[in-house]
Amino acid sequence: MKVTRITPFIGVEITGADYADLARPEVWDEVVNGVNQHELVIVRGIELTPQQQIELAARLGRPVPFVISKYRHPEFEEIMISSNELKDGKPIGVARVGNFWHQDSSFVAEPAPYTMLHGLNVPSTSGHTKFANAADVYDRLPEEWKARLADRIGVHTVAKRLRIRPEHVGLSVAEFKALIDIEHPKVQHPLIRKDEFTGREYVYGSREYMDSVLGFDLNENEEFFALLDRLIHDEEHVYTHVWSPNDLVIWKTVTAYHVATEVEPGVGRTVHRVSIESAEAEVRPVEEKVQ
Ligand SMILES: [Fe+2]
């Protein structure tokens, strides 16, 4: 088994480990430290059953059932199936997930701190996942912007990315917008936060999951989003994960910006996703949310 840094700015890779290895405390510590200190851990090519994936997730916190029940794994409600594949003519999961740069669920008040993916059927020619470190993005902000953004509040929303569903047909645009505000109220987070594990400052927010920076006018907002996009997209500071079968990928949701790249036409791709709440978080009732 080998543990290596993937890039100087993000990620740790573990190769040659199987499920029994990860069960050993000293190996699991490498995973936990890796994700807490370097935002992202890739365990290459590890065969896992859905049950084993959930067991590993439970060692980081509390795996939570996916919000939309029809995309949950039929036997394991904690697993969300991200897939473009069909079974008996019906989608087996959610297609086109996360195809824009974001930090997971930043539009809710308390996002689950970790996300874990297991690649079941993954092409190596497309459908990559790109990662950038929000602390590294902060470090690269021009000094004047660090001063401008200190103590600012970001207003987060899922509205730009909410999908229109069949039951919305017939609503006016104004009615649809009003419905979004009720079902998915905007939330506020400090724009610059300090990571609890590394002590580093990081930018919390992205164009697609934000409405605005409180107190900025339209031009200032656009200037901020354009700068943020430039820093996040900078390929010298982006790690592109080219999947190999059975890769297990774990990241810290607040600091790991990521984006899923397109899957080429005619190619199937299926990944099992588990969202992991902090073990101390209040247990919330599972409800079906619309998204
Ligand atoms: Fe995501």
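Visitor: What share of the contacts with a separation of 6 or more links residues 24 or more positions apart?
Guide: In this predicted model, such pairs make up 79% of those contacts in the protein chain.

Visitor: OK, and how much of the chain is buried?
Guide: Buried residues come to 35% of the 291 in the protein chain.

Visitor: Switching to secondary structure: how many helices and strands does the protein chain have?
Guide: There are seven helices, along with 18 strands. The radius of gyration is 19 Å, close to the 19 Å from the globule rule for 291 residues, so the chain is as compact as a globular protein of that length.

Visitor: What size of box do the C-alpha atoms fill?
Guide: Roughly 55 × 50 × 40 Å, taken along the principal axes.

Visitor: Let's look at the open sheet of three strands. What's the order, and is the pairing parallel or antiparallel?
Guide: The order is β15-β9-β17, and the pairing is antiparallel.

Visitor: Which ones are the edge strands?
Guide: Those are β15, residues 239–241, and β17, residues 256–260; each of them pairs on one side only.

Visitor: How much are neighbouring strands turned against each other?
Guide: By 25° on average in this sheet, with direction ignored.

Visitor: Back to β9. How many bridges join it to β15?
Guide: Three bridges connect β9, which covers residues 129–133, to β15, and the two run antiparallel.

Visitor: And which residue in β15 stands opposite Phe 131?
Guide: Tyr 239 is the one facing Phe 131 there.

Key
Residues are numbered from 1 along each chain as its sequence is written. This is a predicted model: local features need pLDDT of at least 70, side-chain atom pairs count only at pLDDT 80 or more; totals for chains, interfaces and linings use all residues. Helices (H or I, at least four residues) and strands (E, at least two) are DSSP runs, numbered from the N terminus. The radius of gyration is taken over C-alpha atoms; the globule rule is 2.2 Å times the number of residues to the power 0.38. A residue is buried if 20 or more other C-beta atoms lie within 10 Å of its own, exposed if 12 or fewer, and partly exposed in between; C-beta atoms are placed from the backbone. Two residues are in contact if their C-beta atoms, placed from the backbone, lie within 7 Å. Two strands pair if DSSP finds at least two bridges between them. Axes are lines fitted to C-alpha atoms, for helices over the stretch in contact, and angles run from 0 to 180 degrees between N-to-C directions.
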